[in-house]
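User: I am new to this model and would like a close look at a single part of it. Please keep the account plain and define the terms as you go.

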Amino acid sequence: MKLYYSIHEVAAMLGPGVNESTLRYWEKEFEQIAPRKAGRGVRQYTQKDIDLLKLIYHLVKEKGMTLKGAKSRLAVNKEKTDKNFEVVSRLKQIRQELMDMKQALDAFTYTQMEELRIESWELKITSLIHNS
């Protein structure tokens with residue numbers, strides 16, 4: 001795991017609708033976001049910064065809150081908001097794992113099932129020949 005991430009890397013992590021200028025704007029709006037600035041003002045985000053940005057992304061982009069509403073939610077009840085976000089994130093992860101399993105099972109069902117059926121018929125034919 002890296003210690004610091006560039007603004008470009010963080011924007012790519014957060015997903016659609018977030019670019020570098022969005023991150024700079026959120027940095028101005030949310031005082032909790034304070035990436036380290038290296039030479040020439042290059043922002044370096046820590047994992048803590050990224051986790052907060054993911055939470056803000058969830059509130060603003062996924063739940064449809066305004067920036068003012070997201071600021072208020074973080075100020076009033078950050079612990080509950082963090083817990084809810086963790087639960088939602090874990091549920092999304094579980095959903096993805098289930099979708100991956102379904103895809104693997106579907107591939108097995110349609111491709112390998114036919115091969116198993118053929119092998120089964122071949123075994124039956126071989127058994128009939130040997131029993132005759």
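Does Glu 27 count as buried or exposed, and why?

Analyst: This is a predicted model, in which local features need pLDDT of at least 70 and side-chain atom pairs count only at pLDDT 80 or more, while totals for chains, interfaces and linings use all residues. Residues are numbered from 1 along each chain as its sequence is written, and side-chain values use heavy atoms, with hydrogens and water left out.

Glu 27 counts as buried because its relative accessibility is 15%. Buried means under 20% relative accessible area, exposed means over 50%, and partly exposed lies in between (1.4 Å probe, protein chains only). The residue lies in helix 2, which spans 20–29. Helices (H or I, at least four residues) and strands (E, at least two) are DSSP runs, numbered from the N terminus.

The side chain of Glu 27 has a partner: a polar contact of 2.7 Å joins it to the side chain of Arg 43. A polar contact is a pair of N or O atoms within 3.5 Å; within protein, one must be able to donate a hydrogen and the other to accept it, and residues adjacent in sequence count only if both atoms are side-chain atoms. Leaving out residues up to four places away in sequence, Glu 27 touches Ile 33, Pro 35, Lys 37, Arg 43 and Tyr 45. Contact here means heavy atoms within 4.5 Å.

Arg 43 lies in strand 2, and at 19% relative accessibility this residue counts as buried too. Beyond four places in sequence, Arg 43 is in contact with Tyr 5, Ser 6, Ile 7, Arg 24, Glu 27, Pro 35, Arg 36 and Lys 37. One of these, Arg 36, lies over the face of Tyr 4, at 4.6 Å from the ring centre. A charge sits over a ring if NZ of Lys or CZ of Arg is within 6 Å of the ring centre and within 35 degrees of the ring normal.

Arg 40 sits in the loop between strand 1 (36–37) and strand 2. Arg 40 is exposed, with a relative accessible area of 85%, and has a positive phi of about 60° although it is not a glycine.

A nonpolar core is a set of buried Ala, Val, Leu, Ile, Met, Phe, Trp, Tyr and Cys residues joined through side-chain atoms within 4.5 Å. Of its 24 residues, Leu 23 and Trp 26 touch the most other members, and helix 3 gives the most, with 8 residues. Apart from residues up to four places away, Leu 23 touches Ile 7, Val 10, Ala 11, Leu 14, Val 18, Tyr 45 and Leu 53.

Several of these belong to helix 1, where Ile 7, Val 10, Ala 11 and Leu 14 are buried. Seen down the axis of helix 1, the buried residues fall within an arc of 100°, so they line one face of the helix; the arc is that of the directions from the helix axis to the C-beta atoms. They pack against helix 2, strand 2 (43–44) and helix 3. The face turned away from this buried side carries the exposed residues His 8 and Ala 12.
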